[in-house]
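Okay, thanks for coming, everyone.

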Amino acid sequence: MIASPDDVLDALDPEQRRVAKAVDGAVCVLAGAGTGKTRAITHRIAYGVLTGTMQPGQTLAVTFTARAAGEMRGRLRDLGVPGVQARTFHAAALRQLSYFWPKVFGGAPPQLVETKFLLARDAVQHCRLRADRAELRDIIGEIEWAKATQTAADDYPRAVLAAGRKPPRAAAEIAHVYAAYEKIKSGKGLMDFEDALLLTIGLLDERPEVREAVQAQYRHFTVDEYQDVNPLQQRLLDLWANEARSLCVVGDASQTIYSFTGATPAYLLDFRRRYPDAEVVELVRDYRSTPQVVGLANRLLAHATGEAAKHRLKLISQRGEGPAPRFVEHADEQAEAESTAKQIRALIDEGVRPAEIAVLFRTNSQSESYEQALADQSVAYLLKGAERFFERAEVRQAMGFLRAHAISGGPEAERGPLAGEVRAVLGNTGWSAQPPAGSGQAREKWESVAALLRLAEEFEVKRPEATLRDFTAELAERASAQHAPTVEGVTLASLHAAKGLEWDAVFLVGLNEGMMPIAYADTPDKIEEERRLLYVGVTRARERLTLSWSLARTPGGRGRKASRFLDGLRGADGSRGTGSALPDAFRSPARGPDGTVRPRRKVGPVRCRVCARALQDAAERKIGRCLDCPSDVDEFLLEQLIVWRQGRAQEQSQPAFVVFTDATLTAIAETRPLNERQLAAIPGVSRTKLERFGDDVLALCAGNDLAIEPAPEDFGHIPEDEDAPAGE
C-alpha cells in the first residue's frame with residue numbers, strides 16, 4: 001500500500017504526474033489508447049487525498065460501466081484511499097434519488113425496470129402495431145436515443161430528421177410508440193435507467209435544498225471516458241459540479257464510437273472554452289502496444305477528417321519491438337474464418353494463452369463462421385457482447401420451424417433439394433431473401449437466419465441426398481458441440497464490445513467495403529466514426545495484429561474489395577503482408593519439409609476432372625466433377641478412408657469431419673492421388689491437413705495396410721453426423 005504523496009508521484013511518468021498534481025480547478029486529460037489514463041486519474045485522486053486537498057467522502061468518480069467503476073475502486077483501495085466513491089452515472093443518480101425522494105415526496109421512488117422489453121411490447125400493441133423481438137430492440141434503441149438527447153415524443157420526427165438518423169420504422173410510428181411507452185410506464189409507477197437521470201435532474205433543478213445538499217457533499221469530480229457523455233448526462237454533471245472545487249475529465253475524441261446512442265465528443269473538445277483556466281494534459285506514451293501496432297494506429301488516424309480528427313493524438317510506444325502487423329487477403333469468407341482459426345491454433349500451440357487472443361468483427365452476425373472454425377480446431381472460445389449463435393432467439397425459432405417441418409414432412413410442393421426446402425420453410429416464418437433497410441437488431445436477426453440457410457447450402461454440397469431431417473439433426477449436434485467451456489477461451493467480440501479491453505494477439509476480420517465502413521454509414525461523419533471504430537480495434541492489440549478481408553462471400557465468387565481504411569497502410573509497394581509472427585506453415589510462400597515451395601491452389605475456374613467443363617454449381621466444385629459425369633469411386637478405398645478417419649478422430653477426441661469431410665474422402669477415392677501435389681489439388685485438403693494426414697492417405701491410396709482397427713460403428717456408409725464448411 002502506498003503511504004505518501006511522493007510515492008504516488010514516483011509511480012508516474014511526467015505527463016501523468018502533471019495530471020496527479022492538478023488537484024484544484026478544472027483539468028482536461030486527453031488520453032490516447034493504452035496511455036495509462038486510469039492510472040493517472042486514480043493516482044490524482046490518491047495524491048489529492050493524501051495531501052489533504054481532497055476528502056474521500058467529497059470525491060466522486062463517474063464512468064460508463066460497472067466493470068470500470070469497480071476497477072477504479074480497487075485501484076484506489078490499493079493506493080490507500082478506500083473511501084472514494086466510483087460509480088456509473090446511473091448508479092450515482094439512483095443513489096441520490098433513493099435518498100432524497102422520500103424526503104421530498106414521501107415513500108419510495110418509482111420502481112426501476114431492468115429491461116424495457118415488456119413495456120415496449122405493450123406500447124406497440126397499444127398502438128395496434130406489430131413488431132418481433134428484433135424490431136422491439138430497435139424501437140427501444142430509438143427511445144433510449146430520444147431520452148438521452150432530451151427529445152420528447154412529439155419532437156422525435158423532427159429531431160430524427162435534423163440528426164440525419166434513419167429509424168428502423170417510420171418516425172411517426174416510433175413517436176407514437178414512444179408516447180405510449182411513457183404513458184404505460186408512468187401508469188405502472190415504473191422508471192427506466194434514463195428516468196433515473198431525468199428524475200435526479202428534476203430534483204436538483206426544482207428543489208434548491210436538494211441541489212445545495214448534493215453540491216455541498218461532492219466537491220471533487222472525475223469523469224472517465226468523457227468523449228462518450230450524452231446531453232442528459234452532461235446536464236446532470238453540470239448540476240453536480242456547479243460549485244465543485246475541482247473537475248477532471250478524461251477522454252479521447254479518436255475513440256468516440258457511440259454516437260448512435262446520443263454520445264458526443266463535443267463536450268470534451270469544447271471543455272477549454274467552457275473552462276478557460278483549465279489545465280490541458282495530453283497522454284501519448286503508449287504502454288500497451290508495440291511500436292509496430294502503434295505506428296499502424298497512427299497512420300490510420302492520419303487519414304481522418306472532421307472535428308475529432310483535429311484533436312487526434314500521435315501515440316509513442318514505450319514497449320520493445322514486435323512483429324509487424326499482417327495484412328491477409330482471402331478468397332472468401334469461409335477461407336478467412338478457417339485460416340484465422342488455424343493461425344489461432346498455431347499461436348496456442350506456441351504457448352499463447354487462448355484468453356490473450358481475440359477475433360474482432362464489425363457485427364455480431366459475423367460470429368457464426370468463426371465459432372465453427374474455432375470449434376473445428378478444438379479451440380475453446382467465448383462470445384462477448386452477444387449470445388452464442390445457437391442461443392439466439394431467432395436461431396432457436398428458425399430451428400424449431402425446421403424441426404417441425406421435418407417431422408411433418410411438409411407439403412409435397414416444398415419437397416426437393418435441401419437448400420430450397422430450408423429456404424421455403426424460413427420464408428413461411430416471415431424471413432425474406434432481401435435484408436431489412438437500415439441497421440440495428442433487425443438486420444442482425446436477418447443475418448443470423450441467413451446463416452442457417454448458408455449452412456443448409458453447404459450441407460447439401462457435401463451430402464446431395466441429405467433430407468431436412470438430416471439437416472435438423474446436424475444443427476442439433478452443432479448446437480450441442482459449441483457449448484464448450486469458456487475458461488481460457490479465445491474472445492469473439494464486436495468492435496464496440498471490445499472497447500476498453502486488450503489482448504496479446506488480435507485478429508481484425510471482415511475488413512471489406514460494406515462492412516468496414518458498414519454499408520449504412522452514408523455520411524462523412526458516419527464514415528469517420530467507422531474509421532475510429534477500426535482504430536479502437538487496432539489499439540486493442542499488445543503485440544500481434546492481423547487484419548484480413550475476403551474477395552467473395554462464398555467460394556468461387558468475386559466482387560468484394562478491401563476496406564478503404566486500409567489504403568496506404570499496407571506499405572508503399574502495395575504488399576499485403578508486412579511480416580508474420582506465426583510458424584512457417586502460415587507464411588507465404590509455403591514450403592515443404594525439404595524446403596521446396598509448395599504449389600498454391602489455382603485461383604480461377606474449377607474444372608471437372610472428367611470432362612474439363614468449368615464447374616458453376618457449388619456441389620460440383622466441392623467434389624471436383626460434374627454431377628452427371630460418371631463416378632469411378634474406389635468403394636474399397638472409400639471404406640478404408642472412412643475407417644481410418646474414424647480412428648484418427650477418436651485419437652484426437654474430435655468429430656470425424658474435422659479430419660476430412662465426406663465430399664473430400666469421396667474425391668480422394670475417385671482420384672486416388674499418388675503424391676502430395678495431386679493430393680493437395682483436391683478440394684478440402686488444406687496445407688495443414690496435408691502435413692498432418694497426407695502420409696496416411698497416400699499410403700492407403702497406394703494400397704498399403706495401415707492396420708486400422710474400425711471403431712464399433714457401422715462403417716458401411718458415410719456417417720450422417722459430419723459437416724464442415726465447404727472448401728475446408
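Predicted model: local features only at pLDDT ≥ 70, side-chain atom pairs only at ≥ 80, totals over all residues.

The protein has 728 residues, and 53% of them are buried. In terms of secondary structure we have 27 helices and 16 strands. If you take the contacts with a separation of 6 or more, 77% come from residues 24 or more positions apart.

Now, helix packing. Two packed helices get described by the angle between their axes and the distance between those axes. Have a look at H7, residues 133–148, and H9, residues 171–187: their axes come within 10 Å and cross at roughly 80 degrees. So H7 and H9 are roughly perpendicular to each other. On the H7 side, the contact uses Ile-139, Glu-142, Ile-143, Ala-146 and Lys-147. From H9 you get Ile-174, Val-177, Tyr-178, Tyr-181, Glu-182 and Lys-185. Sorted by class, that contact has 7 nonpolar and 4 charged residues, with no polar ones.

The other pair is H10, residues 193–206, with H11, residues 208–217. Here the axes come within 5 Å, and the crossing angle is roughly 105 degrees. That again falls in the 65 to 115 range, so H10 is roughly perpendicular to H11. Leu-203, Leu-204, Asp-205 and Glu-206 of H10 meet Pro-208, Val-210, Arg-211 and Val-214 of H11.

Okay, holes. How many cavities of 30 Å³ or more does a search of the whole structure find? It finds 3.

Next, two single residues. Ser-550 sits in strand S16, residues 541–550. Is Ser-550 buried or exposed? Its relative accessible area is 0%, so Ser-550 is buried. Skipping neighbours within four places in sequence, Ser-550 is in contact with His-330, Ala-331, Asp-332, Glu-333, Glu-336, Asn-512 and Arg-560. Also, Gly-510 is 40 residues from Ser-550 in sequence, but their C-alphas are 6.9 Å apart in space.

Then there's Asp-695, in helix H27, residues 687–701. With a relative accessible area of 60%, Asp-695 is exposed. Glu-676 is 19 residues from Asp-695 along the chain, and the C-alpha atoms of the two are separated by 8.4 Å.

Last topic, backbone. Most non-glycine residues have a negative phi, and most peptide bonds are trans. Where is the cis bond I want to show you? The peptide bond from Met-516 to Pro-517 is cis, with omega near 5 degrees. Pro-517 lies in the loop between strand S15 and helix H22.

As for phi, Glu-225 has a positive value of about 50 degrees, and it isn't a glycine. You'll find Glu-225 in the loop between strand S6 and helix H12. At 14% relative accessibility, Glu-225 counts as buried. Ser-378 has a positive phi too, near 60 degrees. That one is in the loop between helix H17 and strand S13, and Ser-378 is partly exposed, at 38% relative accessible area.

That's my tour, over to you.

Terms used:
Residues numbered from 1 in each chain as written. Heavy atoms only, no water. 1 Å grid on protein atoms, 1.4 Å probe; cavity = no way out; pocket = protein on both sides within 12 Å on 5 of 7 lines; lining within 4 Å. Points joined across faces, edges and corners; volume = space filled by probe spheres on them. Axes fitted to C-alpha atoms, helices over the stretch in contact; angles between N-to-C directions. Helix = DSSP H or I, 4+ residues; strand = E, 2+ residues; numbered from the N terminus. Parallel < 35°, antiparallel > 145°, perpendicular 65-115°, else oblique. Contact = heavy atoms within 4.5 Å. Nonpolar A, V, L, I, M, F, W, Y, C, P; charged D, E, K, R; others polar. Buried < 20%, exposed > 50% of the residue type's maximum accessible area, 1.4 Å probe, protein only.
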